Amino acid sequence: MRPAIQVSGLSKSYGDTVAVNGVSFEVSDGEIFGLIGPNGAGKTTTMECIEGMRRPDKGTISVLGLDPFRNVYELQERIGVQLQQAQLQKRIKVWEAVDLWASLYRKKAVGERLLEQLGLSEKRNTWFMNLSGGQKQRLFIALALINDPELVFLDELTTGLDPQARHTIWDLVRGIRERGKTVFLTTHLMEEAERLCDRVAILEHGRIIDIGSPESLVKRHCPERTVVLVTTDATAAERFRTIVCVDTITCLDTEITLRGHGDDFVTEVIQCLSESGIRVTDFRTILPNLEDVFLKLTGRSIRD
Ligand SMILES: Nc1ncnc2c1ncn2[C@@H]1O[C@H](COP(=O)(O)OP(=O)(O)OP(=O)(O)O)[C@@H](O)[C@H]1O
Ligand SMILES: [Mg+2]
C-alpha cells in the first residue's frame, strides 16, 4: 500500500536559521504518527511543508500520492489542518465558523455532530472571542475535520486543554483512525504520544534522531527495569543476587531497589520472593517510558 506521506531529504531554513535539516520519513496509511521534539525543533515547519503551506529549500514530499505544491487544490479537499497558531474573527459565532468552513468543501462532515463530539454544542451561538482557550482549540479541531478528510494534521493537539478534554480528543483521534484515516500530529506531551501514536519520530535541531513505535523506542534505548520493594527480611538482598538479570541492588533501611534488564526481570524478582518466602510490605515497578527515551537521546527533558 502507498504511504499517506513520503518525505525525503526535506530541508528548510529561515535566513540563517536552519529549521529542518535533511528529514526523511514515511507515514503509513491508517496510522497515527507523531512528531515529537522540544520547542524550535522544526516540527511545525516540517508539518507546514507537508501541508503545502511552506516551500521547502530541498527534498521531495508526496501526500496521498500528490505534490503538496502542484496539487494544492486537489489536496485541500482531502486533508484537514489544525494550525498551532490560529485566529478567527472576534465576532464569528461557533456555528457560523463551522458553516463557513463546510461551505469551502464539496465533501463535508455533519457540523452539529462534530460540535457535539467536541463538547461545543452549548457554545454554538457564542462568539469566537468569548470562547476559552481550550474551547477555541476544540473548535479548530472541529474545523480540521469538517471535510471528513483522509489525512488530518494536528499541530499541538491538546496544548492548553484540561485532562478531561484531552481524553475526549484522544478518543476522537482514535475514532479517526478507526474510520481508516491517517493522523499526523505534533505534541509536547510524552504521555499523549505514548498513548495515541502508532509510531513517533523524535526531532531535534531539525533532524530526526529516531523513529519507531513508542514501545520499540523504549526497548531500544531504555531496556533497564527497576523494582522497588520494602522488606524486613535480612536475607533478601543476598537472595536477589542470585537472579541473573539483576544488575544492581541498593538497600536503604528496609527499602531495596533492584535494577536489571530483560523482559523477564520483574517475573524473576517475583519468583525469587515467592520461592524464598520473603515477605514484602510494598512492591512497585518503575518502567521507562518515552520521556526517558527523550532524555537519553537528547540529554534534556522535553520541557526544558
Ligand atoms: N516564519 C519564520 N521565520 C523565521 N524563523 C522561523 C519561522 N518559523 C519558525 N522559525 C524558526 O525555525 C525553527 C523551527 O521552528 P518551528 O516552529 O518549526 O519549531 P517547532 O518544533 O514547531 O517548535 P514548538 O514546539 O515551539 O512549536 C525555530 O528556530 C524558529 O525560530
Ligand atoms: Mg510548533
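1. S24 is found in strand 2. Please keep in mind throughout that this is a predicted model.

2. Now the overall layout. The secondary structure of the chain amounts to 11 helices and 13 strands. Along its principal axes, the C-alpha trace spans about 75 × 45 × 40 Å. Of the 304 residues in the chain, 47% are buried.

3. The chain is divided into two parts, domain 1 (5-215) and domain 2 (223-287). Taken over C-alpha atoms, the centres of domain 1 and domain 2 are separated by 44 Å.

4. Which residues come nearest to ligand 1? Of the 15 residues around it, they are G40, K43, T44, T45 and H188. Sorted by class, this shell has 8 polar, 4 nonpolar and 3 charged residues.

5. Strand 2 (17-27) and helix 1 (43-50) each supply at least two residues of the shell around ligand 1. Helix 1 gives the most, with 3 residues.

6. A polar backbone atom of G40 is 2.8 Å from an oxygen atom of the ligand. For G42, a backbone N or O atom lies 2.9 Å from a ligand oxygen. On its own, ligand 1 has 640 Å² of accessible area, and the protein covers 64% of that.

7. Helix 1 is worth a point to itself. Because 7 of its 8 residues are buried, helix 1 is largely enclosed by the rest of the structure. The buried residues of helix 1 are K43, T45, T46, M47, E48, C49 and I50. C49 has a relative accessibility of 1%, so it counts as buried. Helix 1 is followed by G52, whose phi is positive, near 85°.

8. If you are thinking about cysteines, how many disulfides does a search of the whole structure find? The search finds 0. By way of background, a disulfide is a covalent bond between the sulfur atoms of two cysteines. Take C251 as an example: the closest cysteine sulfur, in C272, is 13 Å from the sulfur of C251, which is too far for a bond because a disulfide needs the two sulfur atoms within 2.5 Å. As for its setting, C251 is partly exposed, with a relative accessible area of 44%.

9. Two residues have backbone angles to check. H205 is not a glycine, yet it has a positive phi of about 45°. H205 is found in the loop between strand 8 (199-204) and strand 9 (207-212). Is H205 buried or exposed? At 57% relative accessibility, H205 counts as exposed.

10. Phi of D253 is near 55°, a positive value in a residue other than glycine. D253 has its place in the loop between strand 11 (246-252) and strand 12 (255-261). With a relative accessible area of 77%, D253 is exposed.

11. Finally, have a look at T298. Where is T298 placed? T298 is in helix 11 (residues 290-298). The side chain of T298 reaches the backbone oxygen of F294 at 2.7 Å. T298 has a relative accessible area of 14%, so it is buried.

Note on methods. Residues are numbered from 1 along each chain as its sequence is written. Chains are lettered from A and ligands numbered from 1 in the order in which they are written. This is a predicted model: local features need pLDDT of at least 70, side-chain atom pairs count only at pLDDT 80 or more; totals for chains, interfaces and linings use all residues. Side-chain values use heavy atoms; hydrogens and water are left out. Buried means under 20% relative accessible area, exposed over 50%, partly exposed in between (1.4 Å probe, protein chains only). A residue is near a molecule or strand if one of its heavy atoms lies within 4 Å of it. A polar contact is a pair of N or O atoms within 3.5 Å; within protein, one must be able to donate a hydrogen and the other to accept it, and residues adjacent in sequence count only if both atoms are side-chain atoms. Accessible areas come from the Shrake-Rupley method with a 1.4 Å probe; for residues, only the protein chains shown count as cover. Helices (H or I, at least four residues) and strands (E, at least two) are DSSP runs, numbered from the N terminus. Ala, Val, Leu, Ile, Met, Phe, Trp, Tyr, Cys and Pro count as nonpolar, Asp, Glu, Lys and Arg as charged, and the others, Gly among them, as polar. Domain bounds come from an automatic or database domain assignment.
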